[in-house]
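Q: I would like to learn how to read a model like this one, feature by feature. Could we look at it together?

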Amino acid sequence: MSNFVFLGPPGAGKGTQAERLILAHGLLHISTGDLLRSAIREETPLGKEAKAAVDAGLLVPDELVIGLVEERLTARKENQGFILDGFPRTLEQAKVLDAMLAKMGSPLDHVILFDISAALLEQQIEARARQSDEAGLQVRSDDNPAVLKRRIGEYARATAALSPYYEEKGLLRNVDASADIEQVTLQIGALVTR
Ligand code: ADP
């Protein structure tokens, strides 16, 4: 069993890699972005509270996302490993997570930092919007240039706080996210222990 945090900017391929790891290793994927989008779609009280921040590319309040994550972690199968994707994003979230996981007896094993250049990132995000459009899928309401810029800024701020925190704990692993998808999967898959 391995417990992961994925840290990476929008468009770096976290979702793609999470999907592959789940299939190969039966991990549970907890994406706070996906959970928030579905709460917004379903117009739950939490969704209504989070909508404005998500649409603007700003962080939603810590207590909202922390509650969502705790619910998912508690409901997982016994000893099931997990991937936290998009969480934590603040030092406060990271500290609460540590306490939560200590109580559950399942500490983090790896924090994967998806390393990618800004230029490549822009290309991948454009491609994602184009593909959604061509497939007749709805393009994410926060996938427009102005909001994306803000999301990337939020990410840079989060990384600046979180990477030293996890580095100090000996958990940070840099992965070259500009390599092709298969290579990235191999790099991360090699870390999974059974
Ligand atoms: P991205 O594709 O930018 O990595 P996500 O799908 O992870 O985005 O998240 C989309 C939006 O949901 C964020 O811009 C933010 O508004 C909100 N969000 C997701 N996770 C968190 C979190 N851990 N803390 C606060 N807000 C969050």
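A: Gladly, and we begin with terms: buried means under 20% relative accessible area, exposed over 50%, and partly exposed in between, with a 1.4 Å probe and protein chains only. Helices (H or I, at least four residues) and strands (E, at least two) are DSSP runs, numbered from the N terminus. This is a predicted model, in which local features need pLDDT of at least 70 and side-chain atom pairs count only at pLDDT 80 or more, while totals for chains, interfaces and linings use all residues. Residues are numbered from 1 along each chain as its sequence is written, and side-chain values use heavy atoms, with hydrogens and water left out.

Q: Which residues point one way from β1, and which the other way?

A: Asn3, Val5 and Leu7 point one way, Phe4 and Phe6 the other way, and all are buried. Strand β1 covers residues 3-7, and five of its five residues are buried, so the strand is largely enclosed by the rest of the structure.

Q: Which strands pair with β1?

A: Two strands pair if DSSP finds at least two bridges between them. Strand β3 (residues 82-85) pairs with β1 in the parallel sense over four bridges, and here Asn3 stands opposite Phe82. Strand β4 (residues 110-115) also runs parallel to β1, joined by four bridges; Val111 in β4 is the bridge partner of Val5.

Q: How should I read a helix, and where do the buried residues of α8 fall?

A: An α-helix has 3.6 residues a turn, so residues three or four places apart point the same way. In helix α8 (residues 181-189), the buried residues are Val184, Thr185 and Ile188. Seen down the axis of α8, they fall within an arc of 100° (taken from the directions from the helix axis to the C-beta atoms), so they line one face of the helix. Their cover includes β1, α1 (14-25), β4 and β5 (172-176).

Q: What lines the second largest pocket?

A: Rolling a probe the size of a water molecule over the atoms shows where empty space is left. On a 1 Å grid over the protein atoms alone, a pocket is an open set of points where a 1.4 Å probe fits, with protein on both sides within 12 Å along at least five of seven lines; lining residues have an atom within 4 Å of a point. The residues lining the second largest pocket include Ala118, Glu122, Asp143, Pro145 and Lys149. Two or more lining residues come from each of α6 (118-134) and α7 (145-168), and the largest share, six residues, comes from α6.

Q: What is the volume of the second largest pocket?

A: The volume is about 260 Å³, meaning the space filled by probe spheres set on the grid points, which are joined across faces, edges and corners.

Note on methods. Contact = heavy atoms within 4.5 Å.
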